[in-house]
Amino acid sequence: MADWGYVIAGFGASALAIAGYVLRTQRRIDRLRRSRRPGERP
Amino acid sequence: MRRLLRLYPGDRPLLAASLATLAAGWLMALAWVPADGFQGDVQRLMYVHVPAAWTALGLFTVAFLASVRVLWRRSLSADHLAHAAIEAGVLFTALTLLLGALWGRPVWGVWWTWDPRLTTTAILLVLFLGYLALRAVFEDPQRRATVSAAVAVVSFGIVPVVHWSVVWWRSLHQGPTVLRLDGPALDGTMLATLLVNALAASLLAAWLVMRRVRLSRLEMRAENRELRGRIAEASPLVPVSPRELRG
């Protein structure tokens, strides 16, 4: 049973790390897109 | 979630493929493949640990090739690709070390040991974290690209050392199991699960790199916009190019 604790921690940490990275990148993309001037190429 | 799904059309098929493969791979790893006879269920961590390590080394190889192109052609697009691949590579390397620690504690009895494979992987992580830190120092994109590319090319020297470390210095970390001259030393179901997860990690990494490249392009446009603003403020009547102002 203790083995499953390590397994869940490992899979969970991987999912969280990747989701966190995706969200951080997305937030930065959104911020830069918002700061674009009207009419500027997307 | 809606914000996450606000994607460019080109991103969607790759994201869908990577999520579908990842779901299948994790389902196979957690529910389908049998537990290892010696290590028990904790060995299931291999299906994330090994793909993360392979993907990280693949990403650093992409970054190396892109960096050679930066040095050869002074290409800013190649610089964006190298930066994106290294950022994702650092993420996958950190995950490799974390998953290795979680696997090592019940099997080896320690979270960390100065085994050659572990030590060289830690050096790899520190080198490429240094690359990311260095990029923040330079304001001029061309100079940033050239210096970063040189650092990436030199740092790439550690990648083959990481790969061969288990062959050159035999110690606690197990040797190659899949990439062997005499074929994989893994049961068929285990090998299939590992390969599906490796494919999932590769597709996901490709999607992360695409997103990061897009962000770099937006950052470059914002930098150019800011420079143009500064030029206009400094000398509204004299036309000056951004390159001259940086110089």
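What percentage of the 247 residues in chain B is made up of buried residues? Buried residues account for 45% of them, where buried means under 20% relative accessible area, exposed over 50%, and partly exposed in between (1.4 Å probe, protein chains only). The model is predicted, so that local features need pLDDT of at least 70 and side-chain atom pairs count only at pLDDT 80 or more, while totals for chains, interfaces and linings use all residues. Residues are numbered from 1 along each chain as its sequence is written, chains are lettered from A and ligands numbered from 1 in the order in which they are written, and side-chain values use heavy atoms, with hydrogens and water left out.

Chain B holds eight helices and zero strands. Both element types are DSSP runs, numbered from the N terminus (helices: H or I, at least four residues; strands: E, at least two). The C-alpha trace of chain B spans about 80 × 45 × 30 Å along its principal axes. Contact means heavy atoms within 4.5 Å. Among contacts in chain B between residues at least 6 apart in sequence, 72% join residues at least 24 apart.

The contact between the chains draws 30 residues from chain A and 35 residues from chain B. About 3200 Å² is buried between chain A and chain B, and carbon and sulfur atoms give 67% of this area. Buried area is the accessible area (1.4 Å probe) that two parts lose on being put together, summed over both. On the chain A side, Tyr6(A), Phe11(A) and Tyr21(A) lose the most area to chain B, together 23% of what that side buries.

One salt bridge is counted between chain A and chain B. The term denotes a side-chain nitrogen of Lys or Arg within 4 Å of a carboxyl oxygen of Asp or Glu. Arg28(A) and Glu219(B) form this kind of pair (2.9 Å, N to O). Glu219(B) also meets Arg212(B) in a salt bridge (3.7 Å, N to O). Arg212(B) in turn pairs with Glu87(B) (2.9 Å, N to O). That pair links distant parts of the chain: Arg212(B) lies in helix H7 (residues 188-234) and Glu87(B) in helix H3 (residues 76-108), 125 residues apart. Arg212(B) counts as buried at 2% relative accessibility. Glu87(B) is buried as well. Glu219(B) is partly exposed, at 22%.

Helix H7 of chain B also carries Glu226(B) and Arg230(B), four residues apart. These two form a salt bridge, with the closest N and O atoms 3.7 Å apart.
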